[in-house]
Amino acid sequence: MSNNVKTLLALLALHSVLDCYAGIWPIYKHLAGISLGVAGLIATLATTVTWVLQPYFGIWADKGYARVCVIAGTVLTFPMMLLGPVTGLLPSLPTWGGYGILFAAVFLAKLGQAMYHPAGASISGNLDDGRRSTMVALFVAFGWIGYGSSQLVFSYTFRWANTHTEWLLIPGGLVVLGALRWCFPKELHHQGRAGLISSITSIPFGRKRLYVLFAMLCCMSALGQGLFFLLPEFMEAKGYSSWFVHGGALLWIVAGSVIGIVPAGYLADTLGRHRVLVLSLLANLILFFAFVWTPLLPTYGIALLCMGVGAAMNMANPIGVAIGQHLFPEQRSLISGVLMGLSWAVGGTAPWIMGVLASRSDIGIVNALAMLWVAGVLAFGMSLFIETDMASDGDEIQD
């Protein structure tokens, strides 16, 4: 087995564990009975503070530390599996102390994600430059697989193991040990790269409307994070079964994401990234509206609708990142950090906003989620102004 194949397998396994462990906060706050406003504030603070650092970690990865970033980043999510046994201690702790412990675990998990993603996206894209969109889409898809299983795995363990979710650390530990043996990406070793601020300010966002691409990804990030934060409560408010409330809906959304992302990456490489991007965002508008306002559906109906929403909503991210990497081949980790990290930091304000709105009696959970549709409208409108020559691998790249 070649080194590239081993590295890819290790990278995908790490990504699955990382997003599985880091993705349990929406269901944990539901199981532990934490108020939506407080839970949203914790998620927003942790996300916006840590994900702003993604470009920095991208620079660090470009200097030859990509392997360190993907392995250490995964390990930083492990404290999330300790939230189960901590739950029983919360009533005996001061309010600020309990919230401080919860925030620390979420903060470390988000920091791990911030460290992992720029390096992971760069490594995956560099494994096969001719199929960069496909490889990045495959990388993203395995992250979604981990995230999609997170709520079901955690909630099942939380209930049946009497909150002892620390047992879930065993598979993660095995994956990390395997990665220590297999994950050896080709490091770039750009030792002379400038600092974070100068690197970001040197990016010509005005060229080919890169700022439009960034703003579009911010909107889609807000849409996704807001939806996932309120998903358990939304399913409960709609009257769906406990299985859908405790992770089944997320599983179907992610199944649609995985099914849609990889073919979308292939189509983007062959038919044009801009064309596929616009069509996916148009489909997102239609399906998200139907998801929020359609009355109670039978199991197969809501499952199919969840899959459609997941597929349409999550195609934009890997295609957008691939466009950015293509424009700046010598700064691929940095660009990945900007387009994945800073956009998610901006979109990270959505959980707090959704938590506050959903807590208001005059708005409620369903109406709060419906307001997110505006973010989808803005993203679709901005996608029309992304220049089509950004989708061509034949473009001349000027750094």
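1. Ala, Val, Leu, Ile, Met, Phe, Trp, Tyr, Cys and Pro count here as nonpolar, Asp, Glu, Lys and Arg as charged, and the others, Gly among them, as polar. By these classes, the lining of the largest cavity has 17 nonpolar, 11 polar and 2 charged residues. The model is a predicted one.

2. The structure holds 2 cavities of 30 Å³ or more.

3. A total of 30 residues line the largest cavity. Those nearest its centre are W51, W144, Q225, F228 and W344. Two or more lining residues come from each of α1 (3-22), α2 (25-32), α3 (36-51), α6 (95-126), α7 (132-160), α10 (210-238), α14 (316-327) and α15 (332-347). The largest share, 7 residues, is from α10.

4. The lining of the second largest cavity is made of F234, M235, K238, Y240, A290, F291, T294, P295, L297, I302 and L305. The elements that give two or more residues to this lining are α10, α12 (273-293) and α13 (299-313). Here α10 gives the most, with 3 residues. By class, the lining divides into 9 nonpolar, 1 polar and 1 charged.

5. Helix α10 deserves a look in both places. It supplies the largest share of the lining of the largest cavity, and α10 also gives the most to the lining of the second largest cavity.

6. Turning to the pockets, the second largest pocket holds about 180 Å³ of space. Its lining consists of A32, I34, T87, L90, P91, L93, P94, T95, G98, Y99 and L102. The element that gives the most to this lining is α6, with 4 residues. The lining has 8 nonpolar and 3 polar residues, and no charged ones.

7. Where does F184 lie? F184 is placed in the loop between α8 (169-182) and α9 (196-201). Is F184 buried, exposed or partly exposed? The relative accessible area of F184 is 40%, so F184 is partly exposed; buried would need under 20% and exposed over 50%.

8. Which residues does F184 touch, leaving aside those up to four places away in sequence? The contacts of F184 are N3, T7 and R67. F184 and N3 are 181 residues apart along the chain, while their C-alpha atoms are separated by 7.2 Å.

Terms used. Residues are numbered from 1 along each chain as its sequence is written. This is a predicted model: local features need pLDDT of at least 70, side-chain atom pairs count only at pLDDT 80 or more; totals for chains, interfaces and linings use all residues. Side-chain values use heavy atoms; hydrogens and water are left out. On a 1 Å grid over the protein atoms alone, a cavity is a set of points where a 1.4 Å probe fits but cannot get out, and a pocket is an open set with protein on both sides within 12 Å along at least five of seven lines; lining residues have an atom within 4 Å of a point. Grid points are joined across faces, edges and corners, and a volume is the space filled by probe spheres set on the points. Buried means under 20% relative accessible area, exposed over 50%, partly exposed in between (1.4 Å probe, protein chains only). Contact means heavy atoms within 4.5 Å.
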